[in-house]
Amino acid sequence: MDVNTQSADKQDPIRIVVMGATGSGKSTFINLVSDAGFKVGHTLQSCTASIQKTSTFPLDDRHMILIDTPGFDDDNKTELEILKSVADYLRDLHGEGKKVTGILYLYKISNNRMGGMAKKNFRLFRKLCGTDALKNVVIATTMWDKVTEEGADREEELGSTLFKPALDEDAKMVRHDGTLESAQVILRGFFGNKPVPLQIQEEMFDKNIPLADTEVGQFIRALFLEQEKKHKEEMDRLREDMKEESEKGRKEIQEELEQEREELRRVQAQLRRWWFLSMILPLAPSRSPSPPPEPVKKEEGGGGCIIM
Ligand SMILES: Nc1nc2c(ncn2[C@@H]2O[C@H](COP(=O)(O)OP(=O)(O)OP(=O)(O)O)[C@@H](O)[C@H]2O)c(=O)[nH]1
Ligand SMILES: [Mg+2]
């Protein structure tokens, strides 16, 4: 955090965007320090479905606004929908001249493995944020009451793996122990920040780049293409296996094939949506839209509709 540069204007509210995976405690944190009364999840299901912000509230002699966001791993919406809503919100905020003073990224220390989803969520966040704004990022680990000694080990591991590149660029990592005092200490840490636009704000507003062509948009497309390739390869493998199998075995493989096909359809629907996003937004003259994903084809000799 940049404490040596000019302080945030006392008249301009300190605006903090709170991000992190579903269930990391974003809404709980916000409710603790403000009177927002946002809905908090009591099941494993995602809770906050769209962006919400608090009214301006005081902390010491400052005015604060906290912006609550849904995690990219929301159960009810696709990553693309979440990404679009967060990106559009940040673009509009920047367009209105409302500066983001800091970004608070919450991470549940009780996550017992640094799984694919946790990594993906943070990588998406990094692409949204870019490098310059990292000095205004605080990663706060939550749910310390749910861990024993393993918490400190995990914290150390996270600091030397997943979060390391961000910490090297001046992001900070702190603990939030769930108390009001701890939350307020974290927020006070943002007081001296000089607001820096996030990369997505510069790309989408200053440079007028459509979401699909931004770094995060390209990144998510690459992830979908990777998944598409994986499902296609798996389907090829299953078809090969089927040739060698008895009638009973073929039936089982057919079921697996059907599941893969369903997954492939889902991924391809996302890819088409991505392509649609890049088409409907104004493109810079030098840019040309990527070709649309291949259309659905029928499998030769087979009855069902196969997506190749
Ligand atoms: N044990 C424990 N539970 C917590 C803590 N912070 C939040 N929770 C619980 O974790 C669950 C999820 O908290 P939320 O605040 O809804 O998490 P969120 O990040 O807003 O989740 P989404 O809105 O789904 O993205 C709720 O049941 C909270 O009561 C904590 O420090 N310790
Ligand atoms: Mg929430």
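User: How many salt bridges does a search of the whole structure find?

Analyst: This is a predicted model, in which local features need pLDDT of at least 70, side-chain atom pairs count only at pLDDT 80 or more, and totals for chains, interfaces and linings use all residues. Side-chain values use heavy atoms, with hydrogens and water left out, while residues are numbered from 1 along each chain as its sequence is written. A salt bridge here is a side-chain nitrogen of Lys or Arg within 4 Å of a carboxyl oxygen of Asp or Glu. Under that rule, the number found in the whole structure is 20.

User: How many helices and how many strands does the protein chain have?

Analyst: Both kinds of element are DSSP runs numbered from the N terminus, where helices are H or I runs of at least four residues and strands are E runs of at least two. Counted in this way, the secondary structure of the protein chain comes to 9 helices and 9 strands.

User: What percentage of the 308 residues in the protein chain is buried?

Analyst: A residue is called buried at under 20% relative accessible area, exposed at over 50%, and partly exposed in between, using a 1.4 Å probe and protein chains only. With these limits applied to the 308 residues of the protein chain, the buried share is 44%.

User: Which residue forms a salt bridge with Arg237?

Analyst: Side chains of opposite charge can pair when their charged atoms come close. In this pair the closest N and O atoms are 2.9 Å apart, and the two partners are 4 residues apart in helix α8 (residues 215–244), so about one helical turn separates them. Arg237 is partly exposed at 40% relative accessibility, and its partner, which is also partly exposed with a relative accessible area of 30%, is Asp241.

User: In which helix do Asp168 and Lys164 both lie?

Analyst: The side chains of Asp168 and Lys164 meet in a salt bridge with an N to O distance of 2.8 Å. Asp168 is exposed, with a relative accessible area of 53%, whereas Lys164 counts as partly exposed at 35%. The two residues are 4 apart, about one turn of the helix that holds both of them, and that helix is α5 (residues 164–168).

User: On which side or sides of helix α4 do the buried residues Gly151, Arg154, Glu155 and Leu158 lie?

Analyst: These four residues are buried in helix α4, which spans residues 150–160. They cover an arc of only 105 degrees around the axis, the arc being that of the directions from the helix axis to the C-beta atoms. The face turned away from them carries the exposed residues Asp153 and Glu156.

User: How are helices α2 and α7 oriented to each other?

Analyst: Two packed helices are described by the angle between their axes and the distance between the axes. The axes, which are lines fitted to C-alpha atoms over the stretch in contact, with angles running from 0 to 180 degrees between N-to-C directions, come within 9 Å and cross at roughly 70 degrees for α2 (residues 79–95) and α7 (residues 199–206). Angles under 35 degrees count as roughly parallel, over 145 as roughly antiparallel, 65 to 115 as roughly perpendicular and the rest as oblique. The orientation of α2 and α7 is therefore roughly perpendicular.

Key
Chains are lettered from A and ligands numbered from 1 in the order in which they are written.
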